[in-house]
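Here's a quick walk through one protein chain, written to be read with the structure open beside it. Keep the viewer handy and click along.

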Amino acid sequence: MSHRSLLKRLGRLGLAALTLAGTPLYADDSSEARARWHQAIGDRYTLLAEAGTQLEASAQAYCDAPGADARARLENDWLDAYQAWQGVRFVDFGPIEQQSRAWQLQFWPDSKNLVGRKVQAWLNTDAPPTIEAIAADSVAVQGFPALEYLLFDEHMATPGALATPRACGLLQAVSGHLADTGAALVRDWQAFGEHYRGTDSYTAATLQAALLTLEALEDKRLAEPLGLAGSPANGYRAEAWRSGRSVRLIEASLAGLQDSFLPGLRPLLAEAGQAELADDFAAALDEARQRAATMAPGLATALDDPAAFADLQGLYVKIGQLGWLGQRITGALGLVRGFNASDGD
């Protein structure tokens, strides 16, 4: 996404690129916030790397001895690793920007079904899939959605389809690439630490990243598939629609913000005399996460279930409240909009 496109998306809800209004209120305490963020985000990248290593091992174990138990472990480890990615997905700067790593981990939205087309192309080729070959190919076949296709798509529903040499080879290559990416992010984030902790502008960048995540949760991940954004409901617009795990991913994103964003936010707001606002945001975030945790795991099936749809609408409202609190936070910290979509192209 271009820098200008990002600004337009942010500007629509008043969360445009955050710039300073005179002397920032957070200046005296921003180094402490960045130190806390660096540690918390690093912990989350470590979880992603560990989950990726476990997923790679489960793929190998399944292909060595296919069976119901091995398949169940593989599916559980795929979801664990996918949720680990969601927990640190809000970070959109630093090492994650290299080689389009975020897209490598999760190619979405996918309105043209590029994931399905790329996976099928590999399943129909005689070339042996390797980690190196996957790393050199399209991002559409490198991440969690590609594995989801192999595990859950109707084209793979035939008994034994995943255990074939081509499918298992692709399963192992993609999971191996994911494991390599997670390990690289851990190393690179640590190397990035001195620059991140010592650069004032990363305070605003981290705030912006978290608030953009709330906007995406509200608009892209809930409103669009639910038909709350002006177009008809369409379950195929939801993340993880093949596996029916859309809400589990949303829950994981909210948990990641709790663990990795709040630790640095609190000292910033305390320095600005806004500790109560930090408490309000933390309470709303926890309420939204707990609500998601009690809901059915999928989104697409809820479109035909009035009770489940009402639950999703309630979650949508809760996340909207978080976005409103986010706007209050930007004001409290002396940050103003740098762009407004109404200003034109």
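## Ground rules

This is a predicted model, so local features are used only at pLDDT of at least 70 and side-chain atom pairs only at pLDDT 80 or more, while totals for chains, interfaces and linings use all residues. Residues are numbered from 1 along each chain as its sequence is written, and side-chain values use heavy atoms, with hydrogens and water left out.

## The chain as a whole

The chain has 13 helices and two strands. Of its 345 residues, 52% are buried. Here buried is under 20% relative accessible area, exposed is over 50%, and partly exposed is in between, with a 1.4 Å probe and protein chains only.

The chain exposes about 14800 Å², and 50% of that comes from carbon and sulfur atoms. These areas come from the Shrake-Rupley method with a 1.4 Å probe, and for residues only the protein chains shown count as cover. As for contacts (heavy atoms within 4.5 Å), take those between residues at least 6 apart in sequence: 80% of them join residues at least 24 apart.

## Helix α5 and its buried face

Which residues of helix α5 are buried? In this helix, residues 114-123, they are V115, G116, V119, W122 and L123. Looking down the axis of α5, these buried residues fall within an arc of 130 degrees, so they line one face of the helix. The arc is taken from the directions from the helix axis to the C-beta atoms.

What do the buried residues of α5 pack against? Their partners are α6 (131-135), α7 (144-152) and α8 (165-197).

W103 sits in helix α4, residues 101-105, and counts as partly exposed at 35% relative accessibility. Leaving out residues up to four places away in sequence, W103 touches W108 and V139. Its C-alpha is 7.9 Å from that of G143, which is 40 residues away along the chain.

Most residues other than glycine have a negative phi, and most peptide bonds are trans. W108 and P109, however, are joined by a cis peptide bond with omega of about 0 degrees, and P109 is in the loop between α4 and α5. That loop also holds N113, which has a positive phi of about 55 degrees without being a glycine and is partly exposed at 32%. Q99, in the loop between α3 (68-86) and α4, has a positive phi near 50 degrees and is exposed, at 56% relative accessible area.

## The second largest pocket

The second largest pocket has a volume of about 360 Å³ and is lined by 20 residues. W108, from the cis bond above, is one of those nearest its centre, along with D110, S111, Y236 and W241. Helices α7 and α9 (201-226) each supply at least two lining residues.

A pocket here is an open set of points on a 1 Å grid over the protein atoms alone, where a 1.4 Å probe fits, with protein on both sides within 12 Å along at least five of seven lines; lining residues have an atom within 4 Å of a point. Points are joined across faces, edges and corners, and the volume is the space filled by probe spheres set on them. The lining divides into ten nonpolar, three polar and seven charged residues. Nonpolar covers Ala, Val, Leu, Ile, Met, Phe, Trp, Tyr, Cys and Pro, charged covers Asp, Glu, Lys and Arg, and polar covers the others, Gly among them.

C168 is in helix α8 and is buried, at 5% relative accessible area. Not counting residues up to four places away in sequence, C168 touches Y62, C63, L162 and A163.

V186 and D43 are 143 residues apart in sequence, yet 8.6 Å apart in space, C-alpha to C-alpha.

Notes:
Helices (H or I, at least four residues) and strands (E, at least two) are DSSP runs, numbered from the N terminus.
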